[in-house]
Amino acid sequence: METTNIQYTAKDFKSDQYVRWCPGCGDHAVLNSLQKVLADLAIPPHQTAIISGIGCSSRLPYYVTSYGFHTIHGRGAAVATGVKVANPKLSVWQITGDGDCLAIGGNHFIHSVRRNVDINVLLFNNQIYGLTKGQYSPTTKKGFVTKSSPFGTVERPFRPAELTFGARGTFFARFLDVDLKVAQSVMTAAAKHKGTSVIESLVNCIIFNNGAHGWLAEKENRPDRTIVLEHGKPMIFGKERNKGLVLEGMTLKVVTIGEDGVAESDILIHDAHAQDSTIQLKLALMEGPEMPIAMGVIREVEDETYDAAVEAQITEEQAKAKIKTFDELVATCEQWEM
Amino acid sequence: MDTAIVNELDNVVVRFSGDSGDGMQLTGTLFSNLSAILGNEISTFPDFPSEIRAPQGTVGGVSGFQVHLGSSKIYTPGDDADVMVIMNPAALKVNAKSIKRGGVLIFDTDSFEKSDFDKAGFKTENPFAELSISETVQLIPVPLSSLTQKSLEGLGFDNKTVLRSKNMFALGLVCWLFNRPIDKAVSFLEVKFKKKQDLLSANIKVLTDGFNYGSNLHLTLSTFQVDKSTNIDKGTYTSISGNKATAWGLIAAAEKAGLQLFLGGYPITPATDIMQELSLYKNLGVKVVQAEDEIAGITTSLGAAFAGCLAATNTSGPGLALKSEAIGLAVMAELPIVIIDVMRGGPSTGMPTKTEQTDLLQALYGRNGESPVVVMAASTPADCFHFTYMASKIALEYMTPVILLTDAFIGNGTSLWKLPKMAQLPSILPNYTNKDAEKVNVTSRDEVSKVRYWSIPGVEGLGHRNGGLEKDYNTGAISTDALNHAKMVATREEKVNNVANILPDVQVEGDSTAELLVIGWGGTHGHLMSAVTNLNARGEKVALAHFNYINPLPQNTKEIISKYKKVIVCELNSGQFASYLRTKVPGVEYLQFNKVQGQPFTVTELEECFSSLLK
């Protein structure tokens, strides 16, 4: 990622294309947050590559001034890998949805995460296929009625965090479309992270799955139903900032500070940098209503990136190579005059 | 009795065959390189077993290597063998049908015991009679194993090393048989075993003893003399396999174009060697991604093309099927990419190690929508270099995907390759966006060639949004306008058709007054040309037009095809090129000669077919 001292504004990243998402779609907010983050980070638009697959969210590259590539269904991760390996200087963003990323593109997703390619994966999870008008997706809750599951789905959904962790992910974060502050802080951290940054963005599909995340999104209840995790800070949440998380045996538990002898010092401190992902995974998989849904950067650990490793191997071999051109290569053939 | 009789021959086919562990590939390679150095033309073909480690001594584990050497132009590794070196009964069983009547069959008597016959599935202890060849070939029994043991006796080698050296005894013997001095073989071995001095000395000792065995024991056998080729284009040569030549073609093209080479691939027989070869050249800056599947092989590559590399992917039929949608994206996004399909027997998994030309229609038409691509085919192991280079040039200069068809036969086979010099290779000038140009967008193009300008990420001011949706001809914005779509479809097709402007004319080889025109394409050139040459030598009026450029076709195609009384299209499929020609050059009666057996043509069957048509 190359940055400059030029002052950019979100406007510098807005293309001349009319944004065609439905009014009220959660994608609008994510787009705005992304443009703001790119401007704040001072990554020049021409050093930014935005790669997408197919689906509502995958239209995003058209709306950002950058080098954009709207590819084919499910393959965004592989295309983005190629772009990053070809030119590691670019800031590469993969825009994808729950169907694009986890159904048709599941294989590319886990492998880009496993390789730790330095790309930022913005996963728009609305738990539905919107562009094809309302079929269930791999993240749709079991039993949910959609056009292709009129009697309710009988499928167990994926949990994107679990897949990311299973693929040895080095970065996982989550935000809610309506929460611009967390969205921007998470995207900023993702951009700075070296490796595959998976950002699950919980977005609302106002037409086919309106309110899927509504119980979280309501401003009034959000503080009680979500917890925004920050590295090095205690896991405290709630309207009164008096609830917290503790470990009881192997299980995370919600406690109230000041009740049953619980003090603030008893609350777990979030360690996003721990290589051991046990607690991070538990945090990422917390489900309501008993537990708050975790937002913010849940895991962020350092490891070598694929693109840097490819580059390093080439640099090393070139430094010691005697053969540097095609003609020199040809000269190494066993050869004879005829 | 002295071996005074010398058979002077224009060309000879030699086949080495034994167990996977018998070192037949090395023996064959050394013998063919040795012959080439002495001035023969050569063409070789390895025949590996499909099982990786089949039980020793069984038919499934037989590995062979055939070389055709000659003093005049050699086009193929040859049909049946004049000389065969057979290391065990299983190898005999596999190869018995491919030895010429009157041919020489040298076999290791030490491996022709009861237990060996059982393993190979013979019912009697006379396999030659069982295969009905005891009367028709010259059998030369040689106790290769025990002679090798004797040769290395007392030199402190373990038994395993001793037995593994018996291929060198066989090589020494064959060198004597062909009047080949062994000093060159020794220098090859010195390179091969540079780091294993003890093995080197063992191999040289056995090789020498094998040679001396032939000359001292006065084998009742006439030797062969194949003179230097005199009609070869003078120059410096090596012997190269098609897959290696393909990889090198990409390297040369990237250097010429001043671009980084990127290959996204996935292991698939028989194309994997291309990816493996390229992964060696980190020193030349080659980036290879071994992807998670065939689709990621091409889509990583397409990402690299978008980012400004010379991008390629290697595959075979099933993989090409998986890449179809991404090729369509490359058509729509007008990005340069080279797709190499080393064809094998299909459909589905088919016969992965066998050769066929059955992917032609898939390459031409196997996509949704109107999606023309450039389709080409290489015809010999060595010219895989040239056609890969040209495929890269066309992809980069015309901003289009190019599918290059090779096949298992030329991919694995080797032929002589005149070493090229970078300075002599044609220029490659991608159609870059002029940085000072006024407003450019993703569909801005040269209005004559219809080639879109290439803007590469990282350059200020040239940002754009590309993708698989239809775009407006003028603004580059996404568009569903009816007439605009029609115009874009026509533009993309016109661009591909314009490639014909830089293609060489298709040449007619053979008798210029021919009545019968043989048409072929791709890897069958050697067999077709041999058949035509042989028939011409007998005064039969036949000629060959062989195609390397298929879409678009060379501009003189119609003119050539229309000239002949009879036209026959020969291909290793059920008639795919013939049906394509019926569409592109209608009004001609195309006869067909087709073979779909996973095997190349034999020159004999072609000659018979063409002769009968001339009667």
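Which residues in α7(B) are buried? The first legend below answers this for the predicted model.

**View 1. Helix α7 of chain B spans residues 166-177 in this predicted model.** The buried residues in α7(B) are Lys166(B), Asn167(B), Met168(B), Phe169(B), Ala170(B), Leu171(B), Gly172(B), Leu173(B), Val174(B), Cys175(B), Trp176(B) and Leu177(B). The helix is thus mostly covered, with 12 of its 12 residues buried. From its first C-alpha to its last, α7(B) reaches 17 Å, close to the 16 Å expected at 1.5 Å a residue. Asn179(B) follows α7(B) and has a positive phi, near 55°.

**View 2. An open sheet of 7 strands in chain B has mixed pairing.** The strand order is β11-β10-β12-β13-β15-β14-β21. At the edges stand β11 and β21 (549-551) of chain B, each with a single partner strand, so one side of each is left without a neighbour in the sheet. From one strand to the next, the twist averages 20°.

**View 3. Strands β10 and β11 of chain B run parallel.** Strands of a sheet pair through backbone hydrogen bonds, either parallel or antiparallel. Within this pair, Leu263(B) has Val288(B) in β11(B) as its bridge partner, while Gly264(B) stands opposite Val289(B). Between β10(B) and β11(B) the chain passes through helix α11 (residues 272-278) of chain B, in a right-handed β-α-β crossover.

**View 4. Helices α12 and α13 of chain B pack against each other.** Two packed helices are described by the angle between their axes and the distance between the axes. Helix α12 (residues 294-306) and helix α13 (residues 317-333) of chain B meet at an angle of about 25°, and their axes are 8 Å apart. Because angles under 35 degrees count as roughly parallel, α12(B) is roughly parallel to α13(B). The crossing in which α12(B) passes α13(B) is right-handed.

**View 5. Leu429(B) lies in a loop between two strands of chain B.** The strands on either side of this loop are β16 (414-418) and β17 (465-467) of chain B. Leu429(B) counts as exposed because it has 12 C-beta neighbours inside 10 Å, and a residue is exposed if the count is 12 or fewer. Leu429(B) and Leu606(B) are 177 residues apart in sequence. In space, the C-alpha atoms of Leu429(B) and Leu606(B) are 42 Å apart.

Notes. Residues numbered from 1 in each chain as written. Chains lettered and ligands numbered in written order. Predicted model: local features only at pLDDT ≥ 70, side-chain atom pairs only at ≥ 80, totals over all residues. Pairing = 2+ DSSP bridges. Helix = DSSP H or I, 4+ residues; strand = E, 2+ residues; numbered from the N terminus. Right-handed = clockwise from strand over helix to strand, strands pointing away. Expected span 1.5 Å × (residues − 1). Buried ≥ 20, exposed ≤ 12 C-beta atoms within 10 Å, placed from the backbone. Axes fitted to C-alpha atoms, helices over the stretch in contact; angles between N-to-C directions. Parallel < 35°, antiparallel > 145°, perpendicular 65-115°, else oblique. Left-handed = near helix turned anticlockwise from the far one by under 90°.
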